[in-house]
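Subject: Structure handover

Hi,

Here is the structure I said I would pass on. My notes follow below it.

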Amino acid sequence: MWFSSPPAQWKAVVSHKQAQRFEIKGEELQCTQQHLRRSSLKMSEQRALKNPYADYSGPECAQAFFDMHGNLTQHFSSCICSRIGELLAIMENGLKGADPRDCTGYTGWAGIALLYLHLHSIFGETLYLHKALEHVSRSLRSLTQRWVTFLCGDAGPLAIAAVVYHRLQKPHEAEECLNRLMQLHQSVVQGKLPDELLYGRTGYLYSLIFVNQQFQQEKIPIQYIQQVCDAILASGQSLSQRSRLQEQSPLMYEWYQEEYVGAAHGLSGIYYYLMQPGFVGEDRIISLIKPSVNYVCQLKAPSGNYPPCVGDSRDLLVHWCHGSPGVIYMLIQAFKVFGVKQYLQDALHCGEVIWQHGLLKKGYGLCHGAAGNAYGFLALFKITQDPKHLYRACMFADWCMNYGRHGCQTPDTPYSLFEGMAGTIYFLSDLLQPTRAKFPAFEV
């Protein structure tokens, strides 16, 4: 482990033979052990490194990490904070060679600003707020006027800047950013846009939600949010009818002519937002969204994972962008809205997939890395209060604190929020307050 070794009875790393003997248990799992072994071999060898940690076995194994109330121990928190400081220094040095024109939240300066905004929320240090302003100002100078989303378009930098200015008590600058954000609304509602999160209407929708949450008031009228949801629903109904799928799924969405399933480009990410309280009327939630969610549930592989696209039988990707780590949020939200236990059981099944195959060779990032996958455990912990899920998140955090020591690939933008080190730092800081943690630029 990265931090000082706890007493032997708390030790989480197990031998290779012990790991081989690990078996998933729980009534929610319906797979046969034979199929699990086949799918485990297939996914692990190609995409993931072997999970070296012993699974949760009771309160004793977690005493080095958190108490019975889910509060991290002082020692573990100190280790995380120390590692955050080290990684921040490495990141800042690495960013000297980053693309000065990349304004996005996904790989660019807005994402770095969002990290510092979050660090200000966690630690309360004004220095982080000024760092956020420095980085988001670069984004505002490089807006593309091409996309309108939070992560890959102009809406994200504008929304983040508005919040930074608000916290710095600069209301005039904040209002200017909000006005520019609102000016995009008509093109989103009436224009020909995709509907997914990274480049479509849902990505703009999140920008509006983000502003209201950060300001803790309705800076964006609810009608604006509802109108975006109406446009998303109309688009989904239209494609479902054209595809002759309305009896199976009243809503259907595509990106580049593929019906994606995951959170970044696909159905599960869109349905997650459409099920948020107050956005869509109850009648349409029941008649349109619930059967569409059920359609996604039917796509589940025997392993518990989900395919990247409708009609794709491959069971390979365990990323937030494609696979169980992103679908889990739709399932948890469906359980909250409809109270159907099967949704939660499917979400728990996603957790087992992440535990087995979530330490990815692609690295430690949010979109397709260990940090992003670990957020699935935190989501399960918040809904179940089962310490097993917090323990698993802590184990993935230990993996992330050993950043660069596992032979993982180096991403194209190694210090960015969604591909690189900034996202890992964001996760580690979120873990300090696990009941408040939210997957950045996605979870509401």
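Start with helix α8, where Ala174, Cys177, Leu178, Leu181 and Met182 are buried. Buried means under 20% relative accessible area, exposed over 50%, and partly exposed in between (1.4 Å probe, protein chains only). These residues cover an arc of only 140 degrees around the axis, so they sit on the same side of α8. The arc is taken from the directions from the helix axis to the C-beta atoms. In general, an α-helix has 3.6 residues a turn, so residues three or four places apart point the same way.

Before the rest, the ground rules. This is a predicted model, in which local features need pLDDT of at least 70, side-chain atom pairs count only at pLDDT 80 or more, and totals for chains, interfaces and linings use all residues. Residues are numbered from 1 along each chain as its sequence is written, and side-chain values use heavy atoms, with hydrogens and water left out.

Back to α8. The cover over its buried residues includes α6 (126-140), α7 (155-167), α9 (185-190), α10 (201-215) and α11 (222-242).

Now the whole protein. It has 18 helices and zero strands. Both are DSSP runs numbered from the N terminus: helices are H or I with at least four residues, strands E with at least two. Of the 444 residues, 60% are buried. Among contacts (heavy atoms within 4.5 Å) with a separation of 6 or more, 69% join residues 24 or more positions apart.

Next, Thr149, in the loop between α6 and α7. Thr149 is buried, with a relative accessible area of 0%. Leaving out residues up to four places away in sequence, Thr149 touches residues including Asp154, Leu197, Tyr199, Tyr204 and Ser207. A polar atom of the Thr149 side chain lies 3.2 Å from the backbone nitrogen of Cys152.

Cys152 counts as buried at 10% relative accessibility. Cys309 is buried as well, at 9%.

Best wishes

Note on methods
Polar contact = N/O pair within 3.5 Å; in protein donor to acceptor, adjacent residues only side chain to side chain.
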